Amino acid sequence: SVLEWTRQHSPRSSALCCALTELIAELPHYREEPLLHLAGELALRVAGVPSTKAELLPALRELALLGLSSSQEKTRLVYLKLATLPRLKLRKALVPLLKDSSPLIRRRALREVAFPNKTEPEIILTDNLIRWLHDPDFEVRQICERALLRRGLTRRQVHLARQITDSRWQIRLKVIEQLPRYKKLDPSLWLRRLSHDQAPAVRMAAIRASVEMKQVDLVDRLHEISRNDPDHAVRAQARYYLRIDR
């Protein structure tokens, strides 16, 4: 096969590169799974060579995007590797793989998009990244924690971030109780986020804490809650604390 032949020849051969360039330009049209997998291996063989023609890059990008949506894990892994090549500039296309059914793919995708890069410093925002602290896979959770620490969060902040994104509202509520203990944290940021929580009990606790903590000023948020919160009791509490503040 063509792939076996290329494995026996140096990809730096100009003649080989020229031939493969023409072939890969046609590969996005081959969507059958076995061919798609082989096409990915062939594309990797060529794409890493500096002498690969620039006009081939659009075809490689098209092929990579096609392969990333493959139903086969082994094929998605090949195209994940292809998409990480700097010349293709496809790191953003890896973000959907963070929800992949395969832990191995989630790990590799997270390593690519979670850590800052000189050319693309923020593929995924920190506020969105913290949800992978709850991934079912232990290694994914570890990678996420390391990425957050690399971004400048302290271990205490990571601990609170894990709680504030917990699926149980009782755990999210505990964040409010802990804020006064962490003198170096700005409680305003955390309380503002909790004031948007889906659980009315958490929103009400955030409102109360924002009034009780002297260094916190969330008056603008209280006005918004008093008008627009979906829960009548939460709106009433916001209006009550606004009257007390006056």
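Lys89 is exposed, with a relative accessible area of 65%. This residue sits in the loop between helix H5 (73-83) and H6, in a predicted model. The protein is made of 14 helices and zero strands, and 46% of its 246 residues count as buried. The points below go from the overall picture to single helices and residues.

**Overall picture**

- Read along the sequence, the pattern of the protein is α-α-α-α-α-α-α-α-α-α-α-α-α-α.
- Among the contacts in the protein with a separation of 6 or more, 59% come from residues 24 or more positions apart.

- H5 is mostly covered, as eight of its eleven residues are buried.
- The buried residues of H5 are Thr75, Arg76, Leu77, Val78, Tyr79, Leu80, Leu82 and Ala83.
- What covers these buried residues includes helix H3 (33-47), helix H4 (57-68) and H6.
- Lys89, in the loop between H5 and H6, has a positive phi of about 50 degrees although it is not a glycine.
- Whereas those eight residues of H5 are buried, Lys89 is exposed.

**Helix H8**

- H8 takes in residues 138-150, which makes 13 residues.
- From its first C-alpha to its last, H8 reaches 19 Å, close to the 18 Å expected at 1.5 Å a residue.
- The buried residues of H8 are Val140, Ile143, Cys144, Ala147 and Leu148.
- These residues cover an arc of only 135 degrees around the axis, so they are on the same side of H8.
- An α-helix has 3.6 residues a turn, so residues three or four places apart point the same way.
- The cover over the buried residues of H8 includes helix H6 (103-114), helix H7 (126-129) and helix H9 (155-164).
- At the N-terminal end, Asp137 caps H8, with a side-chain oxygen 3.2 Å from the backbone nitrogen of Glu139.
- H8 is followed by Gly152, which has a positive phi near 110 degrees.

**Glu139 in H8**

- Glu139 lies in helix H8 and counts as partly exposed, at 30% relative accessibility.
- Leaving out residues up to four places away in sequence, Glu139 touches Arg107 and Arg111.
- With Arg111, the contact includes a polar one between the two side chains, at 2.7 Å.
- Glu139 and Pro103 are 36 residues apart in sequence, and their C-alpha atoms are 8.5 Å apart in space.

**Helix H9 and its partner H11**

- H9 and helix H11 (residues 187-194) pack at an angle of about 10 degrees, and their axes are 12 Å apart.
- Angles under 35 degrees count as roughly parallel, and H9 and H11 are therefore roughly parallel to each other.
- On the H9 side, Gln157, Leu160, Ala161 and Ile164 meet Trp190, Arg193 and Leu194 of H11.

**Gln163 in H9**

- Gln163 lies in helix H9.
- With a relative accessible area of 13%, Gln163 is buried, because buried means under 20%.
- Leaving out residues up to four places away in sequence, Gln163 touches Ile171, Arg172, Val175 and Gln178.
- The side chains of Gln163 and Gln178 make a polar contact at 2.5 Å.

**Asp197 and helix H12**

- Asp197 is found in the loop between H11 and H12.
- Is Asp197 buried or exposed? At 9% relative accessibility, Asp197 counts as buried.
- The side chain of Asp197 reaches the backbone nitrogen of Ala199 at 2.8 Å.
- Asp197 touches Arg172, Val202 and Arg203, not counting residues up to four places away in sequence.
- Val202 and Arg203 are among the buried residues of H12, together with Ala205, Ala206, Ile207, Ala209 and Ser210.
- H12 runs over residues 200-212 and has 13 residues.
- The first and last C-alpha atoms of H12 are 18 Å apart, close to the 18 Å expected at 1.5 Å a residue.

Technical notes:
Residues numbered from 1 in each chain as written. Predicted model: local features only at pLDDT ≥ 70, side-chain atom pairs only at ≥ 80, totals over all residues. Heavy atoms only, no water. Helix = DSSP H or I, 4+ residues; strand = E, 2+ residues; numbered from the N terminus. Expected span 1.5 Å × (residues − 1). Buried < 20%, exposed > 50% of the residue type's maximum accessible area, 1.4 Å probe, protein only. Arc of directions from axis to C-beta. Contact = heavy atoms within 4.5 Å. Polar contact = N/O pair within 3.5 Å; in protein donor to acceptor, adjacent residues only side chain to side chain. Axes fitted to C-alpha atoms, helices over the stretch in contact; angles between N-to-C directions. Parallel < 35°, antiparallel > 145°, perpendicular 65-115°, else oblique.
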